[in-house]
Amino acid sequence: MTELTPSGFLLEPSPTWLPYFGNQRRFVPYVLELLQGLGARPSDTFYETNAGSHAISWHVNKLLGLTTFANDLGAYSYAIGSALSGFDRDSRTAALGAALIEEYGYLVPADAPTPNSETIAKWIRFLREESATNENRRRTNVLRGDLFELLPSWSGDFIYCDFAWPWKDGSFTEEYEVTGDTLSLHLGDETETQFRMASSRRILQDVLEYLDLARERFRFVILSNQSSNYPTPEVLEPHMRAAGHVPIISRRLSVPAEYVDDLGKDPVFTEYQYVFEGRAA
Ligand SMILES: C[S@@+](CC[C@H](N)C(=O)[O-])C[C@H]1O[C@@H](n2cnc3c(N)ncnc32)[C@H](O)[C@@H]1O
């Protein structure tokens with residue numbers, strides 16, 4: 001039985017999802033509610049720039065029926081998306097990534113031994129079942145690339161971006177580099193992926209570049225950020241406004257941190273979401 005807060009945050013016990021650093025699986029109902037409020041229809045398209053665990057795009061496709069285009073730079077993320085879309089040969093790769101994280105945490109060592117075969121088999125089963133129970137899955141598209149290289153060639157109805165943000169103090173989020181680079185080695189990935197985490201200065205430029213490019217090409221542009229990250233809303237909001245990006249919706253959902261990152265830093269974790277009207281409206 002899945003429990004929800006009134007604002008649609010998934011509490012335990014919640015449906016299983018693959019482990020992924022920064023995954024938003026518990027915010028899925030919150031995002032679905034936002035899209036419904038914006039009038040999303042099955043004939044619409046939904047793009048996700050940094051899909052990570054694919055929890056958001058997958059459920060937008062499965063539960064709302066939109067055609068999705070989910071992109072990420074990482075091999076593990078790509079394997080998850082491909083396996084869910086029905087490319088069964090990718091299930092083993094995605095399951096291996098999930099099992100490594102389950103056994104060693106997000107900072108998987110480069111020399112970590114192969115995880116327990118039962119853990120791998122458990123994740124293969126999960127991916128197959130999840131894929132088989134989504135009747136819309138033929139309308140999922142999985143991409144792998146740098147968001148700023150791909151975005152100029154995209155256009156559609158909705159676009160959603162949850163960057164690999166730096167920590168609130170401006171330091172790097174090393175877990176993404178490990179999930180990106182070290183995990184790629186474990187998964188036998190042949191693509192050369194150089195994860196470059198944005199500095200606190202760079203991320204502010206990236207946000208504006210995203211908004212500039214996306215608002216020209218989409219009807220609605222969504223930006224998601226979290227209270228554990230830089231820039232904080234006090235820095236981000238005036239920065240966007242000064243560049244002419246004023247959201248039509250600005251909302252936040254606070255939940256006990258133990259339900260999300262459980263880093264022991266702050267008692268409360270807040271998800272911030274901003275919606276901008278696109279010029280393609
Ligand atoms: C905060 S996570 C996204 C989590 C996602 N919202 C979820 O629910 O799982 C950020 C993601 O950005 C990806 N990433 C980092 N740099 C990127 C780039 N230049 N282009 C595309 N994806 C990138 C990382 O691999 C990581 O999966």
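This is a predicted model: local features need pLDDT of at least 70, side-chain atom pairs count only at pLDDT 80 or more; totals for chains, interfaces and linings use all residues.
The residues of the shell around the ligand divide by class as follows.

| Class in the ligand shell | Residues |
|---|---|
| Nonpolar | 7 residues |
| Polar | 10 residues |

Residues are numbered from 1 along each chain as its sequence is written.

Of the 20 residues around the ligand, Gly22, Gln24, Asn50, Gly52 and Ser53 come nearest. A residue is near when its C-beta atom, placed from the backbone, lies within 6 Å of the molecule. At least two shell residues come from each of α2 (55-64), β4 (67-72) and α7 (174-186).

The protein chain carries 9 helices and 9 strands. These are DSSP runs, numbered from the N terminus: helices are H or I, at least four residues, and strands are E, at least two.

Burial covers 44% of the 281 residues of the protein chain. A buried residue has 20 or more other C-beta atoms within 10 Å of its own, with C-beta atoms placed from the backbone.

The largest nonpolar core holds 68 residues. Such a core is a set of buried Ala, Val, Leu, Ile, Met, Phe, Trp, Tyr and Cys residues joined through C-beta atoms within 7 Å. Ala94, Phe158, Ile159 and Ile222 touch the most other members.

Key
A residue is buried if 20 or more other C-beta atoms lie within 10 Å of its own, exposed if 12 or fewer, and partly exposed in between; C-beta atoms are placed from the backbone. Ala, Val, Leu, Ile, Met, Phe, Trp, Tyr, Cys and Pro count as nonpolar, Asp, Glu, Lys and Arg as charged, and the others, Gly among them, as polar.
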